[in-house]
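Dear colleague,

I am passing on the structure below, together with some notes on what I found when going through it. Please read them with the model open beside you.

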Amino acid sequence: MNTPLHPEELAAAEVCFAAVGALLYAEPSVETVAEAVASRQFAEAPYAADNAWACRGLEQLDQWCAEAAEAAGAQTAGDAGTPEALDPAATAALLAASPAFVERVDALRREWLRLFVGLGTPEASCLESFYVEPNSHMFGQNTLAVRAAYKRHGLQVERLHAEPDDHLGLMLGFVAHLIAAERAALEAGDADRAAALADEQRAFLADHILPWLAVWHYAVAKHGRTAYFRGVGDFTFGLAACYAERFNIRFDEEARVFKQRR
């Protein structure tokens, strides 16, 4: 059973899924991290604010950002005593020019590579195939099923056949795409299409994300060395758990089923 959400709630969930998907999929750059720090992007989230894991993730991310700004000698929007008119763009430029900040982002980049890419086996692979396919075989049946889901909505990965379609960052971005489409259908008064898109979200989460997400989350918590990526792991887990409640999916049981099967 799907719990209907108002367009405003869907918009909030869409923003969160798209943002965390990008954090996982894209290698951290000085420019993007500086923008996030300057704007206090992780000070709060429009969705999943009541989930304990999501809140913990945001706290860790915001703390990392605060420490990085302090090390670079910069103030950010929302700091105590900071003028409300503080220009985030100017602050981001100041951060990007700081050797101390660049060094911290370089450390994030190394951690992202170690956790999610790996020279050999990554410590917390973001690929569904790694967890569910025999011998962690890439481009197997699950990858093809994800590719087919993308294709039904006119989407495909940029490097088709060279890049696994079942990367968690891409799949979270796809959920954001489905949420946006559901919101558009609701706003257009097409309740049947909105319901069908909600059903598709439920199936995609239950089939391709939730069964292995707890194992991935554990790996990130175990191997993550910075509050930044531990925070990303916690927020991703909390966001998915919160959204799963909409579909009456018992998230913990999904995780146990996967563990038993492995």
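Tyr131 is buried, at a relative accessible area of 5%, and Trp212 is likewise buried, at 0%, where buried means under 20% relative accessible area, exposed over 50% and partly exposed in between, with a 1.4 Å probe and protein chains only. Please bear in mind that this is a predicted model, in which local features need pLDDT of at least 70 and side-chain atom pairs count only at pLDDT 80 or more, while totals for chains, interfaces and linings use all residues. Residues are numbered from 1 along each chain as its sequence is written, and side-chain values use heavy atoms, with hydrogens and water left out.

On the aromatic residues, a search of the whole structure gives 13 aromatic pairs, a pair being rings of Phe, Tyr or Trp (its six-membered ring) with centres within 6.5 Å, called stacked if the planes are under 30 degrees apart, edge-to-face if over 60 and tilted otherwise. Phe17 and Tyr243 make an edge-to-face pair, with 5.2 Å centre to centre and 70° between the planes. Since Phe17 belongs to helix H1 (residues 7–25) and Tyr243 to helix H10 (residues 227–246), this pair ties together parts that are 226 residues apart in sequence; helices here are DSSP runs (H or I, at least four residues), numbered from the N terminus. Both Phe17 and Tyr243 are buried.

Tyr131 and Trp212, in turn, form a stacked pair, at 4.8 Å centre to centre and 15° between the planes. Tyr131 sits in helix H6 (residues 128–132) and Trp212 in helix H9 (residues 191–223), so the pair ties together parts that are 81 residues apart in sequence. One aromatic cluster is formed by Phe42, Trp64, Phe116, Trp216, Tyr228 and Phe229.

As for helix packing, the axes of H2 (residues 30–38) and H5 (residues 99–117), which are lines fitted to C-alpha atoms over the stretch in contact, come within 10 Å and cross at roughly 110°. That makes H2 roughly perpendicular to H5, a term that covers angles of 65 to 115 degrees. The contact (heavy atoms within 4.5 Å) involves Val30, Val33, Ala34 and Val37 of H2 and Phe101, Val102, Val105, Leu108 and Arg109 of H5.

Finally, the loop between H2 and helix H3 (52–71) holds Arg40, whose phi is near 55°, a positive value in a residue other than glycine. Arg40 counts as partly exposed, at 23% relative accessibility. Ala48 lies in the loop between H2 and H3 and has a positive phi of about 70° although it is not a glycine, but Ala48 counts as buried, at 6% relative accessibility.

How values were computed: Axes fitted to C-alpha atoms, helices over the stretch in contact; angles between N-to-C directions. Helix = DSSP H or I, 4+ residues; strand = E, 2+ residues; numbered from the N terminus. Parallel < 35°, antiparallel > 145°, perpendicular 65-115°, else oblique.
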